[in-house]
Structure formats: C-alpha cells, structure tokens
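Biologist: I am new to this structure. Please pick one part and take me through it closely.

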Amino acid sequence: MRLNRRSFLQITALTGGGLALGFFDLPFASAQFDPQAALSPTAFIHIATDGTITLMAKAPEIGQGVKTMLPMMIAEELDVDWNKVRVEQADLDDKYGGQSAGGSTSTQSNYLPLRRVGAACRQMLISAAATRWGVPAAECTTTPGRVLHAASERSFSYGELAGDACALTPPSMDSIKLKDPKDFRIIGKPHANVDNHSIVTGKPLFGIDVKVPGMLHAVFAKSPVYGGKVKSANIDEIKKLPGVRHVLVVTDTPANSAGTPDSQIEPGIVIVATGVEPGVVIVADLWWQAQSARSKLKVDWDFGPGATQSSEKFAARAAEQLKAPPTDILRAYGDVDGALKTAAKVVEADYSYPFLAHGTLEPMNTTASYKDGKMEMWTASQSPAAGKSQIARALNIPPANITVHLTRVGGGFGRRLNTDYMLEAAWIAKSVGAPVKLLWSREDDITHDDYRPAGYHSLKGGLDAQGKLIAWRQHLAAFGEGGRVAGAVDATEFPSGRVPNFASYTSAQPLLLRTGALRAPGHNGYAFVLKGFIDELATAAGRDPIEFNLELLNATPIPMAPAANGRRGGNDTLNADRMKGVIKLVAEKSGWANRKKVPGRGMGFACHYCHAGYFAEVAEVSVDAKNQITVHKIWAAGDVGNQIVNPSGAEAQVQGAILEAMSQMQQEITLTGGQVQQTNYDSHPLIRFDQQPEIELFWSMSEFGPTGLGEPSLPPALPAIANAVFDATGKRIRTLPLERSGFSFA
Amino acid sequence: MTDLYFICLYVILSKQGTAMSLKLKVNNAVSTVDVPPDTPLLWVLRDVLDLKGSKYGCGIGMCGACTVLLDGQAVRSCQTNVESAVGKSVTTIEGLSPDGLHPVQVAWEQVDVPQCGYCQAGQIMTAVAFLAKTPHPTDAQIDDAMAANLCRCGTYPRIRQAIRQAVKAGAAVHTS
C-alpha cells in the first residue's frame, strides 16, 4: 500500500483518499553540481495544477527547526508566498541527499543546494511562460506564485505552468542565479514552526503516535547491566497475562555485532552498533498491557563482566592515571615541564564531569511492519539511513526492501543518532509477523542510553612575572581502548597553539557501556574544564578574564604538524577575529567593564568555538548561604555567519542550549554493580521553568556563509555560570554535577 | 469472617488486569471502554480512544506531558486510574477548543513556543487550568504554576511570553 506521506500517522483514515494531482515531475541534469549539492527540484517541490505548492522537508525534525528552515531556503528562491506553501516531511530516500540531524550541519550543508533547487524550478517556470507567450525569458519576472510579463501585462500562476514546465529541458546548474540576499523576503525573517498548529491541537505527529492497522505493542526488558545475558525467564507465566500475544527472548547478542564499533558519528564519539541486546520482549494488544505484564517478569540474568563496574572505581582508576605518565600524547610542543618549573606562578587544578543521559522527552520508539520480505518502518530518528543499513545487515533484508518514514521527533540531542531501537522494532516485527510499535519506558531510556562520556582532567598552567600564560599542560583520563577514546579533546582545542609551551595528554580505561554524542559532544564537557581553568589562570595573574582570553586569541597560532592534524575543529580552524567579535559584543551588552561587585552576586565569562560557530556568554548569578545558585541573566553573543535563516528558530535554539547547559550541570549517571542508578527525571533532573534565567541574545554578523547553532551556543554557558559562581563566592566549581561541588540551583 | 475477607481479597486480586466496561466522558463525547479499571487514563486516551495529543514522558507524574483536565482541574493522566475519571468530564488538548483557537493555543502559535513540541500539550493544559483560576497572574504565580511541567528543549522563556500574551487576550473567559 502506498501511503500518503502527510497522513501516514492515521493510515486507517486514508485508504479512500490520497492525492491525485498533477505533480511537477521531471528528471534533472546535475552534472555541474558538486556531489553534496546534487539535489533535484523534482524531489523537493510539487506544484499541483491547482497551484498548491508542496515543499518537502528532507531532514529529521528533532526540535531544531529544520522542517521550517530548510523549506524556507527553497521557497525564497522559488518565489512563493510562504503562507500558501505546504511543507511535508520527506521519507528516507536517496533523492533528498543526506537526511540526518547531527553536528549542527543542516544550515551549512543545505544553504546553497536547497536555494539552487528553488531557483532552478523558478527558472523552468519562467521558461514555460516565455514559450507560451513567445517572448524572451529575460523579459519575464516573478511575483510570489506567478510568472509575469510586464510589457504585455500578462501573467500565469505557477500551477498553470506546471504541466508545460515538465516538458522542458532543465537549466544547467551554472546558469542558475541566486537572489541577492538584500532581496530576501523569507530568509532572515522570523517564521513560526510549520507544525505549530498541529502541536497545539494535539495532532498525531510523533513516532509514539503512529498507528498502523493490526498493530501490536511491545516492551523490551533488557539487562540492567550492559552486556548481560538472559539465563532464564518465567515466560510461560507472562504469556498467560491479559493481552499478551508473544514473548520473545534474546539470550545472547550475536557475536558479529556485540560491542563492535560500528560507526564514528563525531571524532572521538563512537556509536556502537550492538545488534539486538539480550532481554525479554513482551508483545501485547496494548502498550499498558505489555508494560503491566513486565512488572511480573522474572529474569535470571548473567550480568557478565560489566557487573564489576562502578563510578567509584572509574574515578579511582582515573586518579591513578592522572598521576602516571599518559598513554597518548595528543599534542606537545615547546618544553612544558621546563616552563612550568621556571614559571613565576603555577596553577594546578583537577576537574571532572560525569556520564549523562539524553532523556529526550519522547522515549525511544519505532513502528515496524514486515510482510512478504518487505519492511516498512515509521521512526523518530536522527539517523534513519544508518538505522536502515543496520537493519539490512542484521536482519538480512535487502535495503531496497526497507521503507522508512520519518516522523516528527520528540527530542534528539544526539541520542537518536544511535538506531538500536529501530533495529529492535524491526526484529520484533519480523519475529511476530505483525506490525508492532516498540516503545521504551522512561526507565529503559535512562538506563539504556549511550551516555555522554565522563571525563577526569588534570591541568597545570604556568604564568610569567607579567601574568602571561607561558605553559599549559592538560591530561584527560577518559574511557576507551586502542585509538578510540570517548569524548577526547581535539589536539587543536584552544588554547592549543596559542601558548608557547603546551602538552595535551590522554589516558583511557576500558568501559563496558555505550557512549554517544550529546548536544555539542566533547565540547559540552571540556569547555567547562578548559574555560574554567583559563578563568583560574586569569584570576591568578590578577587580570580580567576577557582581556586574558583576548591576549591568547591575539597570539600567532603555532600550526599543527600536518600528519597529526587529523582531528576536526579546535584551533586549526578557529578564526580569532570572529571570536574577538563575539567577545567584544557580549562584553559591551553585559556591561562587563563597569560591573560592580555586590556581595553574593557575581558575573562570569566564557567563550567557545565548535561546530563552526562562535559564542561568548556572560552569566550573572547570586549564591545564597546554602550555596544555592540563582542564574539571573545570561547574555549570549554568537557568530554563525552572514545570515540567520530563521531568527525565531535561531533564538529558540540558543535559549534551549543555555537551559540544557544548566540541566547538564546538575545531572549525572552513576554506576553501582554495573547498573545505572538513575531511572527517571526525579534522579536525572531537568532544569525547571522557575529556574530559567533571562536570556538575551545578540548576533555578530560576519562575512562567512551561514552555519548551524544548535550546538555551539551550549558549551560556554557551563563555564560562564561556574565562573560567575566563583566571582560571587570565591569558590571554584571543578566537579560536576554541582552537588558534588557543594552547590545546587535554587 | 476470615473466609469472607479472603473471598473479597480474591475478588479484588482477580479483578487486576481484568477488563471492565467503563463509561467515559472525554471532550464532551461519551464512550464506553473495556479496560482494567486500574489502567492509567493516559493509556486509555492514547491507545483505546486514539487521542494521541496527551503524551507519555515519565510515567511517574513528574514531567507533566500527560496533563489533562478532569472537571477543569489539571491532572497527570499517567497517575490517574481510568476508573477515577468515570462520572467526570475529561478534557484533552484535542478538546480544548473546537477550532484550535483557544487564546492559549493562539498565543503558543504566535510566540512560536514549540521546539520539538512533545511536552507542549501538557504545558498548554496546565496553563489553561492555571489561567482559569488566576486570570491576571504575577510572574511569581506563573513560575509556581508552570514549575512542574518539564521541557527538555528549553522553551520556558517563550512559554512565559505566551502566557503573558494569552492573559492579555483574555484566556480566562474561554475556559470552561
């Protein structure tokens, strides 16, 4: 059954309906496109003969706004009235190019290709009109939704031209002219999320809302210890419980997939494809029946080697490693040990941050239906193509026989780059021979995440008599084995290359737990460390932190040796002028230079560069007698290029990133006996409404092309708040969560 | 006496997981559902009555994504047995207004509140119940009212803005 994309969430209501309009559809030559940009307008734009214009939203919408922003790029160049455009979520299909949500890359990688898609289509509509009128195409222009010939005062709607345009030879890519940004009508203006009305009226949009005829519901009870196996379970008893249709047991994970690093989403962030993990699946008529049956489930687990793991042991091992010579030199130049010996002042500090869960509000879920060798899936995923190929491999289904529909996603934050739950749903559906919706409980989600890796850092900095930073030594005790370290610091991470004597070391201990990307992966942890330590150095030097940072930025960077420079980001691509621009802006807007010292109140600064974006943030806090922190205000200045595509979505991303940073400061995942101790939002708390600071955002516009900002705005918020707490109290927060440093948010 | 106690206990225990016919009034429509009486209202709404607007977030009453109105009071439907909703009027996000134009809904759209959108039905239902009782709230009252509804994306600044806007538009008069 071919499903109408727009209505896939309610398949029952659709069988008699569907669209039968004359879609604008033709092949498109793309020889001159660069491969990344080889996108066809026919994939993205449907112009019906009645004038209805439908734009396809290619990427998964996880709350980052791409379902609105990416079609805005097409609509701008196509020249249509945004209010009359319909936006539909695309299924997974090669014709759309990459369809993932990660790394704050959507803006950067689509800004020109999608505008070209819109412009190419507009040009074809003009050609069709010019031919009908017998006038040169150059005499034709467009107003939103219409082609005009001003001299003869004639016009056609796009709908009237759609049929003719189909018969035309598409323009060559080098002939496509894009608008001058000063003529933009859509890009750069705030546009509300296209799904808002559906959201505020409770329409089914999300993966969890999918309903397929004959669908059963599944829960999957996996081992409380990662890598554990099922020895036995009371499945006969469970099978008799109300509504239960099937009970499946996975005793062991197939050897070919267990624990094998499968793909690297970000450097240093290893996503491990696990196959279907051991556990017991309960399939029932209703989810609540499956979940109720689970409460009676008794499994005898063999927890395996993971059961010896604990957070205490991790910390103890890391402390040993930080005292011992490092196992890996990320980067070293000059004579760091010699310079530390001769320095006028040496500052030493140990920092650490814990494992974190993502806790997307919509728990992991996927609906799958397997029939006649074909798998059809509806999933809330950030990385549906990866899920599809994982399923093809694991379940031996040709990729051509797997159809993936993308739903709106109730939060991503990196968790849904891992597609474990997609594979589970596919496997269950194939096993039971009926459509199944697998829904993890919140407890499943918190205890079976791929966690933001914990990190333990030891830092030493040397200042000369003038308070100038002359030596920097950092050592990260992380998790991993061989060359793969979770959450590793980039070799070029600031202030790498800006200090005359420098060393960045890593040691690692093994870990039997999945780790993965959490919004601004790596950076969300080590920005807190590095930018906190820079603040300590500035204080020790008796200098203003902003002035101290600017001095480092003004240093001529020492380039990385090319062979070692395989890691992305960091100092090698950092543009000091852009960073100085946001620093100056936030200093001015926050009144940094004229701030007054009030007892119990403080201001802190931090800046950070990642995911091609530059952010500087100032936090103002007060701390009460019980060490409870109130964050009053955060000023944020960002530089993500010369164009903010959707200012409304952009501001929302920064607000969200700052509030997420606050959540991260108070959360931790700990292990005892190999088991994750936190299970829900009570033990892994999100920041609350009444804890929100005022957030004021300013853009520093630079001449560079637009880049993403879901991630780069997050990392500086953590050190800015911690540095403000120091300013208020004289106490450094070097260990997260806050509680482990004796603080909490009020 | 002891026998009777055990018979009663047996009856109670055997009722667990056993479906009963229950009459529910949801969004002014009466329907009969056959479910065990201890089933959380949330799962009856979502999977039996096919009203997907109320969301499952935590299952322990902490996040508020499942918030619905029970006789006008905001309740956590994941913590409300369906049996306790019998004889009462349940309002979900789908039934908040016939046209999706309740002032709170309108404000939410105008302010462009949602990011992922998953928690917003619960946020809206909480705000509606709150504004019905407190038509002209102070910021501190808004803080108190909304503090127990979690948003993972961080839409709080815009929720505050939308509530202020709904107050201006007279959200209170629209609440039943």
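Modeller: An angle under 35 degrees counts as roughly parallel, one over 145 as roughly antiparallel, one from 65 to 115 as roughly perpendicular, and any other as oblique. Keep that for the helix pair below. This is a predicted model, where local features need pLDDT of at least 70, side-chain atom pairs count only at pLDDT 80 or more, and totals for chains, interfaces and linings use all residues. Residues are numbered from 1 along each chain as its sequence is written, while chains are lettered from A and ligands numbered from 1 in the order in which they are written.

My pick is chain B. Chain B has six helices and five strands. Helices (H or I, at least four residues) and strands (E, at least two) are DSSP runs numbered from the N terminus. Read from the N terminus, the order in chain B is α-β-β-α-β-β-β-α-α-α-α. Chain B holds 176 residues, and 54% of them count as buried (20 or more other C-beta atoms within 10 Å; 12 or fewer is exposed, in between is partly exposed; C-beta atoms are placed from the backbone).

Now the contacts (C-beta atoms, placed from the backbone, within 7 Å). Take those in chain B with a separation of 6 or more: 61% of them link residues 24 or more positions apart.

Chain B splits into domain 1 (19-95) and domain 2 (103-174), with bounds from an automatic or database domain assignment. Taken over C-alpha atoms, the centres of these two domains of chain B are 21 Å apart. Their contact uses 15 residues of domain 1 of chain B and 12 residues of domain 2 of chain B. On the domain 1 side, strand 3 (67-70) and strand 4 (73-76) of chain B each give at least two residues. Strand 3 of chain B gives the largest share, three residues. By class, that side of domain 1 of chain B has seven nonpolar, seven polar and one charged residues. Here nonpolar is Ala, Val, Leu, Ile, Met, Phe, Trp, Tyr, Cys and Pro, charged is Asp, Glu, Lys and Arg, and polar is the others, Gly among them.

Next, the helix pair. The axes of helix 3 (residues 103-110) and helix 4 (residues 120-133) of chain B come within 10 Å and cross at roughly 130°. Axes are lines fitted to C-alpha atoms, for helices over the stretch in contact, with angles from 0 to 180 degrees between N-to-C directions. Helix 3 and helix 4 of chain B are therefore oblique to each other. Helix 3 of chain B brings Val104(B), Gln105(B) and Trp108(B) to the contact, and helix 4 of chain B brings Gln120(B), Ile124(B), Ala127(B), Val128(B) and Leu131(B). That makes six nonpolar, two polar and no charged residues.

One loop deserves a look. Asn27(B) has a positive phi of about 50°, although it is not a glycine. Most residues other than glycine have a negative phi. Asn27(B) sits in the loop between strand 1 (20-26) and strand 2 (29-35) of chain B. Asn27(B) counts as partly exposed because it has 19 C-beta neighbours inside 10 Å.

Last, the partner. In chain B, 46 residues are in contact with 47 residues of chain A. On the chain A side, helix 5 (196-200), helix 7 (287-294) and helix 16 (647-666) each supply at least two residues. Helix 16 of chain A supplies the largest share, six residues. The chain A side divides into 20 nonpolar, 17 polar and 10 charged residues.

Definitions and conventions: Contact = placed C-beta atoms within 7 Å.
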